[in-house]
Structures are given as structure tokens and as C-alpha cells.
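Dear colleague,

I am handing over the structure we spoke of, and below it you will find my notes on what turned up when I went through it. Please read them with the coordinates open beside you.

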Amino acid sequence: MRYIYTMVRGDDGLMHFVLDAADAGDHDGDGIEDQSDVWEVYSQTDPAMPVALGDGRTPGHASATSEPASDKWGDFMTGWAPLLIAMAGSTASSAWTWKPVGMSRT
């Protein structure tokens, strides 16, 4: 595993980080902060993300990317597991990302 984090779909319809287990700093030396900010908007939505987060009316379900997706942190495969928040009537989703074997980009 490379990163573990939790995201939600905000009232604005955008995907936001709410929890990121990465240590603060640039530990892989790529010039990019390893840890996302709380409520940072994630604009590179992969096809599996909205499946896990649901549409705001129905809950999401587990999903995963079928091929590597790229963002500022590199190229990764991601598995999503929805977390249902009963009191708020919404869904958050935790993700686990991994770098496929043979990928050279950090």
C-alpha cells in the first residue's frame, strides 16, 4: 500500500479529502507534499470513486480502478470501501492505493 485516505462528496458536489494517513512532508523526493490537506478538493476523479461514494441519494458500494490512474502523487490503482454515516445520511469512502508492479513513476 502506498496511501490510505478517506474522502467525501461535499455539498458542492466535489470530492474532498477528510483524512489522510500519509506523513506530512515530501518523503519520496518528488517535490509534492505526500499528505493531502483536510477538505482539499480532488479533481482527478477515477471511475471507481463515485461508485463507492454513491450519488447522495443511494449509498455507494465497494469498487476499484481497473487500470492505473494518474494524479499529482503518481500512477496508482485504487480500491474503495464505502463508510456509511447514518446520522448525516451520507457516505464517505476510504481508499487504499497501490503502485502496480513495473510502474516507474513515483
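Let me begin with Thr 97, which, once neighbours within four places in sequence are set aside, is in contact with Met 1, Arg 2, Tyr 3, Tyr 5, Phe 76, Met 77 and Thr 78. Please keep in mind throughout that this is a predicted model. Thr 97 belongs to strand E7, which covers residues 90-98, and with a relative accessibility of 3% it counts as buried. Its C-alpha lies 6.6 Å from that of Ile 4, although Thr 97 and Ile 4 are 93 residues apart in sequence.

Aromatic pairs

Tyr 5, one of the contacts of Thr 97, leads on to the aromatic residues, for the structure holds six aromatic pairs. In one of them the ring centres of Tyr 5 and Phe 17 are 5.4 Å apart and the planes stand at 65°, so this pair is edge-to-face, the angle being over the 60 degrees that this class requires. The pair links distant parts of the chain, since Tyr 5 sits in strand E1 (residues 3-9) and Phe 17, twelve residues away, in strand E2 (residues 15-20). Tyr 5 is buried at a relative accessible area of 11%, and Phe 17 is likewise buried, at 3%.

Another pair, formed by Tyr 42 and Trp 73, is stacked, with 6.4 Å from centre to centre and 20° between the planes. Tyr 42 lies in strand E3 (residues 41-42), while Trp 73 is in the loop between strand E5 (69-71) and strand E6 (74-85), so the pair ties together parts that are 31 residues apart in sequence. Both Tyr 42 and Trp 73 are buried. Tyr 5, Phe 17, Tyr 42 and Trp 73 come together with Trp 80 in one aromatic cluster.

Around Tyr 42 itself, leaving out residues up to four places away in sequence, the residues touched are Met 7, Met 15, Phe 17, Met 49, Asp 71 and Trp 73.

Asp 46 is placed in the loop between E3 and helix H1 (48-53). Apart from neighbours within four places in sequence, Asp 46 is in contact with Thr 65, Ala 69, Thr 78 and Trp 80.

Salt bridges

A search of the whole structure finds two salt bridges. In one, Arg 2 pairs with Asp 28, their closest N and O atoms being 2.6 Å apart. Arg 2 lies in the segment before E1 and Asp 28 in the loop between E2 and E3, so this pair ties together parts that are 26 residues apart in sequence. Arg 2 counts as partly exposed at 32% relative accessibility, and Asp 28 is also partly exposed, with a relative accessible area of 24%.

In the other, the side chains of Lys 72 and Glu 40 meet at 3.1 Å, N to O. Lys 72 lies in the loop between E5 and E6 and Glu 40 in the loop between E2 and E3, so here the parts tied together are 32 residues apart in sequence. Lys 72 counts as partly exposed at 40% relative accessibility, whereas Glu 40 is buried at 17%.

A backbone point

Lastly, please look at Trp 39, which has a positive phi of about 70° although it is not a glycine. Most residues other than glycine have a negative phi. Trp 39 lies in the loop between E2 and E3 and, at 45% relative accessibility, counts as partly exposed.

Definitions and conventions:
Residues numbered from 1 in each chain as written. Predicted model: local features only at pLDDT ≥ 70, side-chain atom pairs only at ≥ 80, totals over all residues. Heavy atoms only, no water. Phe/Tyr/Trp six-rings, centres within 6.5 Å; stacked < 30°, edge-to-face > 60°. Helix = DSSP H or I, 4+ residues; strand = E, 2+ residues; numbered from the N terminus. Buried < 20%, exposed > 50% of the residue type's maximum accessible area, 1.4 Å probe, protein only. Contact = heavy atoms within 4.5 Å. Salt bridge = Lys/Arg side-chain N within 4 Å of Asp/Glu carboxyl O.
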